[in-house]
Amino acid sequence: MPMRLLSVVVLFTALSGVAYADARADAKAQVEFGIAVAQRGLWKEAIYRWERATQIDPTYAAGFNNLAVAYEHEGMLDKAAEAYERALKLEPNNVLVRQNFELFKEIHDRANQSQNP
Amino acid sequence: MTGRINLKILSCVLAVGLAGCASFYEIPIETPIAAKLDVSAFQRVFIAGFISGGTDDVDGNLETVRLLRSQLRMKSNLRVVDADVLPLLDVASGRTEAGSSQAPRESGADAPEIKNEKDLQPYEHIFADADYWKRIGEEYQNPLIVTGTVLFTPHSQAGMVQREREVIDPLGRRRVEPVREYMERKGFILQEKFIFIDGRSGAQIYSEALREERLYNQNDNTPALSSYFELMDEIIPRFLSTLSTQRVRGSRVLIK
């Protein structure tokens, strides 16, 4: 009986590992496509791709980081803040995300000053 | 010889490999920051004039009007009214707080000394004089009127300052290191209060106070006018962001 339980647990872990790897690969494909279109100035399409990526794999910090950058470019500053925070929660030590967030905060503060003078 | 060729091949392979594995990309972005004021109701803007004071070396009223008008012509969709600058100090002296007219101060008479914010206060009632601004508005086809106060005052300060010093080490290499030293510096403070008035009703719709200061080494002898322009360089983007959406350029990193 314990052996059967153990094999079920092992099988479940292995399968969830495969599923996780699949989700990450799909999300990564979306992220890469998003980068390619953003580099051509198609930011709306990039947002769609990165939103898909974060839905597919909500643990993928790169997806949230890129989404934040795109929101920032489109002037959706509150959404950008939220996405940066998600990215940093997933990867608190990621220097690139942190650097983006610091630059974003300067602009966000300025915009807030404008709205609440 | 063979070793050198191997090294070249290896570095080529590494370079190609690294390019393929690049996991981040720097990308330029432009973040739009919405204007503070909705000016869609106006087609024209009239920079009317300012009550100014501080140093006599710069005419804060004329210079500010000239600079704001030229910036708005370049960076705003509003048509800039090109009219004489209002002598607001004289107008304010000639109107009581209740809004009734008195004989205005003669423009040839000695201008009252305005050296600080307190000296400006007796004249600030003019900004709340809706009848006066409504009349100005009618004269210039109901523009958005910009007025306010400008105080440009000399300033000096002594204290510890950190600056960078170039040093050459015993091996002849140059490097820059920070040094803290006591210095006496002088400069200017620019305080501007911009007041936006609806030319149709004469009512104030928004106001914003901005302050900037610059200190220079005592030996620099920076003229007051160049310091004024340096300080205005800092203030103008904030002034413009009241009237139009500004796009802030920068770059961010996308990650794979």
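User: What percentage of the residues of chain B count as buried?
Analyst: In this predicted model, 27% of the 256 residues of chain B count as buried.

User: And what share of the contacts in chain B comes from residues 24 or more positions apart?
Analyst: Such pairs make up 73% of the contacts in chain B that have a separation of 6 or more.

User: How many helices and strands are there in chain B?
Analyst: Chain B has six helices and seven strands. Read from the N terminus, its elements follow the order α-β-β-α-β-α-α-α-β-β-β-α-β.

User: What is the strand order in the five-stranded sheet?
Analyst: The order is E3-E2-E4-E5-E6 in chain B; the sheet is open and its pairing is mixed.

User: Which strands stand at the edges?
Analyst: They are E3 (79-80) and E6 (204-217) of chain B. Each has a single partner strand, so one side of each lacks a neighbour in the sheet.

User: How many bridges join E4(B) and E5(B)?
Analyst: Strand E4 (residues 144-168) of chain B pairs with E5(B) over 25 bridges, in the antiparallel sense. Within this pairing, B:Thr149 stands opposite B:Lys193 of E5(B).

User: What about the turn between these two strands?
Analyst: E4(B) and E5(B) form a hairpin with five residues between them. In that turn, B:Gly172 has a positive phi of about 85 degrees.

User: Moving along the sheet, in which sense do E5(B) and E6(B) pair, parallel or antiparallel?
Analyst: The pairing of strand E5 (residues 174-198) of chain B with E6(B) is antiparallel, over 13 bridges. B:Lys186 has B:Tyr216 in E6(B) as its bridge partner, and B:Ile189 stands opposite B:Glu213 in E6(B).

User: Which residue in that hairpin takes a positive phi?
Analyst: B:Gly202 does, with a phi near 80 degrees; the hairpin of E5(B) and E6(B) has five residues between the strands.

User: Changing topic: how many residues does each chain give to the contact between chain B and chain A?
Analyst: Chain B gives 18 residues and chain A gives 22 residues.

User: Which elements of chain B give two or more residues to that side?
Analyst: Strands E1 (24-33) and E7 (246-255) of chain B do. The largest share, eight residues, comes from E1(B).

User: And the make-up of that side by class?
Analyst: The side of chain B that touches chain A has 10 nonpolar, three polar and five charged residues.

Definitions and conventions: Residues numbered from 1 in each chain as written. Chains lettered and ligands numbered in written order. Predicted model: local features only at pLDDT ≥ 70, side-chain atom pairs only at ≥ 80, totals over all residues. Pairing = 2+ DSSP bridges. Helix = DSSP H or I, 4+ residues; strand = E, 2+ residues; numbered from the N terminus. Buried ≥ 20, exposed ≤ 12 C-beta atoms within 10 Å, placed from the backbone. Contact = placed C-beta atoms within 7 Å. Nonpolar A, V, L, I, M, F, W, Y, C, P; charged D, E, K, R; others polar.
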